[in-house]
Amino acid sequence: MLKRLRAIGPGALTAAAFIGPGTVTTATVAGATYGYALVWTLVFATIAAIILQETAARLGVIAQRGLGEAVMEQFTGRPALKWPVAALIIGALFIGNAAYEGGNIAGAVLGIEAALPAFSSRSVLAAAIAIFAGIILLFGGYRTIERVLIVAVLLMTLAFATALFIIGPDWTALLKSAAMPKIPAGALPLVIGLIGTTIVPYNLFLHAAAAKKRWPSPMGLREAKFDARLSIGVGGIVSILVLSTAAACLFGTGLTVNNAADMARQLEPAFGTGATYLLAAGLFAAGLSSAITAPLATGFAASELFGFPADPKNIKFRAIAGTVLLFGTIVAVTGVRPIEIIIFAQIANGALLPIIAVFLLYAANNKKLLGEYANGWLANSASIIVVLIAAGLGIRGILRAIGVM
């Protein structure tokens with residue numbers, strides 16, 4: 001068992017990526033507004049994410065292909081289709097991650113501010129976090145980055161789990177909601193939001209590339225599956241812990257919260273500074289981990305599309321990842337929200353999610369790529385359901401971005 005735990009890595013990168021400030025905020029608002037009623041959503045989203053991410057890992061280990069490479073290979077000899085698809089991927093990942101990177105850094109800042117409310121210089125904190133993330137990204141190397149993010153996931157798990165046990169949830173209500181899906185009136189946007197922050201297009205690129213790098217032969221598939229199931233499962237549990245903490249301490253109180261930092265401040269009168277510091281630490285880890293993984297995933301995808309080494313120490317890789325981090329830093333330090341860029345990112349990501357999910361499913365059935373490890377009927381049935389949901393999320397994201405929903 002200890003040997004298998006040492007294999008943890010690419011899955012932990014993915015978990016660190018989707019447990020960002022957006023997920024923590026959405027889960028907090030869901031718990032504060034609807035109590036435990038939406039726990040089932042995160043259970044479902046976690047299972048769906050495991051299905052997709054495990055498929056991406058299989059592509060990396062067995063075919064030794066990143067997802068970007070596999071997509072581009074489908075358009076060999078068809079440049080009229082190849083380059084528009086490449087442009088969509090780059091547009092969604094590079095511009096999208098750059099636009100959202102500011103929120104990742106700002107989320108880590110909120111964690112520090114919740115623990116140290118007297119520290120008033122938000123821009124200094126944002127710059128310091130960005131510099132720390134930059135040092136890890138640009139000078140750490142893949143294994144160092146992996147270890148830092150594993151620690152971040154463990155910190156989030158410990159922080160949110162301990163806070164929940166201090167508060168004392170209604171375990172019966174929690175377990176009942178996990179097993180009996182229902183959507184309260186007005187909760188549909190949060191249901192879609194919880195699923196959408198768990199199933200993320202760039203995580204598929206990140207996971208396939210990281211698995212390819214970690215396991216260079218099919219012998220690593222068993223470890224890769226264990227890593228994906230355990231790591232994504234733990235990530236889903238962290239999201240459930242956040243939602244349940246908000247449900248236990250805020251549901252029915254009439255208090256308004258916008259993020260986990262607000263929740264942390266609300267806990268102090270009833271549960272002391274310990275609970276506040278725990279939630280602050282969890283939010284800081286969520287922001288920092290996403291601030292590292294968003295540029296990392298963009299670098300991996302760009303390397304596959306343009307054919308340079310998928311190595312964080314490569315100069316081109318560093319240039320791509322560093323640009324994403326720099327843009328996010330500017331947004332976080334200045335407080336300016338680049339609305340037009342964010343809207344474009346939402347539209348591009350909304351279009352990318354179902355397209356990439358379909359390509360991933362196609363690759364999973366390609367016996368030339370995966371041989372005996374290609375999907376069977378059971379895996380296809382589960383994957384098709386997830387792809388249809390991804391398509392629905394993508395369409396909704398586009399409609400919401402253009403103001404129809």
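Visitor: Which residues have the most contacts inside the largest nonpolar core?
Guide: Leu 38, Leu 67, Val 71 and Ile 89. That core has 133 residues. Keep in mind that this is a predicted model.

Visitor: And which helix gives the largest share of this core?
Guide: Helix H13, residues 260-306. It supplies 21 residues.

Visitor: Back to Val 71. What does it touch, leaving out residues up to four places away in sequence?
Guide: Val 85, Ile 89, Ile 356 and Phe 359. Ile 89 is also on the list of residues with the most contacts inside the core.

Visitor: Aromatics next. How many aromatic pairs does the structure hold?
Guide: Two. One joins Phe 165 and Trp 171. Their ring centres are 5.4 Å apart and the planes stand at 45°, so this pair is tilted.

Visitor: Are those two buried or exposed?
Guide: Phe 165 is exposed, at 59% relative accessible area. Trp 171 is partly exposed, at 39%.

Visitor: What about Phe 300 and Phe 317, how are their rings set?
Guide: Edge-to-face, because the planes are at 80°, with the centres 5.2 Å apart. Phe 300 sits in helix H13 and Phe 317 in helix H14, residues 315-334. The pair therefore ties together parts that are 17 residues apart in sequence.

Visitor: Buried or exposed, that pair?
Guide: Phe 300 is buried, and Phe 317 is too.

Visitor: Where does the charged end of Arg 214 sit?
Guide: Over the ring of Trp 215, 5.5 Å from the ring's centre.

Visitor: Why call H12 largely enclosed by the rest of the structure?
Guide: Because 22 of its 30 residues are buried. Buried here means under 20% relative accessible area.

Visitor: What happens just after H12?
Guide: Gly 252 takes a positive phi, about 85°.

Visitor: Which residue has a positive phi although it is not a glycine?
Guide: Gln 64, at about 55°. Most residues other than glycine have a negative phi.

Visitor: Where is Gln 64 found?
Guide: In the loop between helix H4, residues 39-62, and helix H5, residues 67-73. Gln 64 is partly exposed, with a relative accessible area of 26%.

Key:
Residues numbered from 1 in each chain as written. Predicted model: local features only at pLDDT ≥ 70, side-chain atom pairs only at ≥ 80, totals over all residues. Heavy atoms only, no water. Buried < 20%, exposed > 50% of the residue type's maximum accessible area, 1.4 Å probe, protein only. Helix = DSSP H or I, 4+ residues; strand = E, 2+ residues; numbered from the N terminus. Core = buried A, V, L, I, M, F, W, Y, C linked by side-chain atoms within 4.5 Å. Contact = heavy atoms within 4.5 Å. Phe/Tyr/Trp six-rings, centres within 6.5 Å; stacked < 30°, edge-to-face > 60°. Lys NZ or Arg CZ within 6 Å of the ring centre and 35° of its normal.
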